[in-house]
Amino acid sequence: MKRLGRGAVLLFISVLFLTGCRGEDEALGDSRLYDEMSGEGEGDIIIGFSEIGSESDWRRAHTESFKSTFSSENGYYLLFEDAQQKQENQLKAIRNFILQEVDYIVLDPIVETGWDAVLQEAKDAGIPVILADRFAEVADEELYTCWVGSNFYEEGERAGEWLMNYLREQGRGDEPIHIVTLQGTLGSSAQIGRTEGFHKVLLENENWIMLEQQSGDFVQAKGQEVMEYFLDTYEDIDVVISENDNMAFGAIDAIQAAGKSCGPDGEIAIISFDSSYAALDCMLNGEINADFECNPLLGPMVSDIVRKLERNKPVEKIQYVKEKYFDTSMDLKKIMENRAY
C-alpha cells in the first residue's frame, strides 16, 4: 500500500471537516488525532487505533501503552479514537481509518460479535487489522491478521483454583460457600472468559453455590450498585468474584457501607482481576484476598508485530501476554515498588 505522509493525512482530515463528512461522527469527540504525536517524517507508519473507552484504571493504562509506543519518536503516526463504550462508534472509526488509508488498524472490540462486514472492508482495502485485548468472533479468521491479549478463560480458571485451595487452608473445603459475581460488560471477551473459566471450577465443587451473577460493566459505580443489590437480596455471601478491579472497589464501598467487612480477615472474601496498583494497595489494606493479573501494556507487543509485518515476516495468529496473580501471602510492598500500572 502507498504510505501517506503526515501532511497527506492532515489534508484528508481537513477535507472531511470542510465538506461536512464528519458530522455523523461527532460522538467520537473533537480530537481525531493524538496531538502529542505529530510525527514529522513522510515515512511514519500510520496506525489507526480504536479504543473501547476509559472505564477503568486498567483501560487508561492500556491506552497510554499504545500512545507512548506509537509515537513519532518511534517512527509512527497515531490516529486515536475513543469509542466511549459504543460499538457503533468503533465501526465508524474503522471506516474512517480505511478512508484515511492508514497502514494498520488496531482494534480493541467492545463485544465479540458484529465485526464481519467492517473487517471485510479493511481486508478489501489491503489494511491489516490487529486485535488487541478483546477478541472478535468472525466467520473468516483471515479478516484479521492476529490477536494479542490475555487468556481470560485461564484467568477465571486460576481464580477458581485459588479459591478452592484457600478454602481448604481455612478448613472450609466442605462447607456450603455462597458466591456472587460482578460480571464485566456482557458479551466482551474478558467477561465471557472469566465467567466460563471460573464456572469450570465451580462445577467441580458441589458445595459452591452461585447465588447470582450480574453485570457491572467494568465500572466502579455500577459495581457498587450491583453489590448493594446483592447485599439486600442475600443474607449470607461468602465470596465476591469481581471481573475487574474497579467493580471490586465499588463492592468494597458497598460492603463497608452495609456494616460488613471483606478481605482475609473479613466476612466476605473478594477475588478480583486486573491487578492494578490501586487494587494491590487495597489488598495491602486487607480488603481484597487475591487478584489475577490482566496485563494492559500491549503496545510494545503490537509494535513488534507491525515491525515484522513491515519486513514481510510471519506472525503468530494468537499471542498471549505473560501474567501473574497476587494474594496477601506475598510481599506486596516490594511488588508495588516496581509496578508499572
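Predicted model: local features only at pLDDT ≥ 70, side-chain atom pairs only at ≥ 80, totals over all residues.
Helix 6 gives the largest share of the lining of the second largest cavity, 3 residues; helices (H or I, at least four residues) and strands (E, at least two) are DSSP runs, numbered from the N terminus. Residues are numbered from 1 along each chain as its sequence is written, and side-chain values use heavy atoms, with hydrogens and water left out.

The second largest cavity holds about 30 Å³ of space. Its lining consists of Thr181, Arg194, Thr195, Phe198, Gln213, Ile241 and Glu243. By class, that lining has 2 nonpolar, 3 polar and 2 charged residues. Here Ala, Val, Leu, Ile, Met, Phe, Trp, Tyr, Cys and Pro count as nonpolar, Asp, Glu, Lys and Arg as charged, and the others, Gly among them, as polar.

A cavity, on a 1 Å grid over the protein atoms alone, is a set of points where a 1.4 Å probe fits but cannot get out, and lining residues have an atom within 4 Å of a point. Volume is the space filled by probe spheres set on the points, which are joined across faces, edges and corners.

There are 2 cavities of 30 Å³ or more in the structure. What volume does the largest cavity have? About 100 Å³. Of its 14 lining residues, Trp58, Arg59, Arg194, Phe218 and Asp274 lie nearest the centre. Helix 2 (57-69) and helix 6 (189-203) supply at least two lining residues each. This lining comprises 5 nonpolar, 2 polar and 7 charged residues.

I turn next to helix 2 and its partners. The axes of helix 2 and helix 10 (residues 299-310) come within 8 Å and cross at roughly 40°; axes are lines fitted to C-alpha atoms, for helices over the stretch in contact, and angles run from 0 to 180 degrees between N-to-C directions. The two helices are therefore oblique to each other, a term for angles that are not under 35 degrees (roughly parallel), over 145 (roughly antiparallel) or 65 to 115 (roughly perpendicular). Ser65, Phe66 and Thr69 of helix 2 meet Gly299, Pro300, Val302 and Ser303 of helix 10, contact meaning heavy atoms within 4.5 Å. Among these contact residues, 3 are nonpolar, 4 polar and none charged.

The structure also holds 12 aromatic pairs, defined by rings of Phe, Tyr and Trp (its six-membered ring) whose centres lie within 6.5 Å, with planes under 30 degrees apart stacked, over 60 edge-to-face and the rest tilted. One of them, Phe49 with Phe66, is stacked, at 4.4 Å centre to centre and 25° between the planes. Phe49 sits in strand 1 (residues 45-51) and Phe66 in helix 2, 17 residues apart.

Terms used. 1 Å grid on protein atoms, 1.4 Å probe; cavity = no way out; pocket = protein on both sides within 12 Å on 5 of 7 lines; lining within 4 Å.
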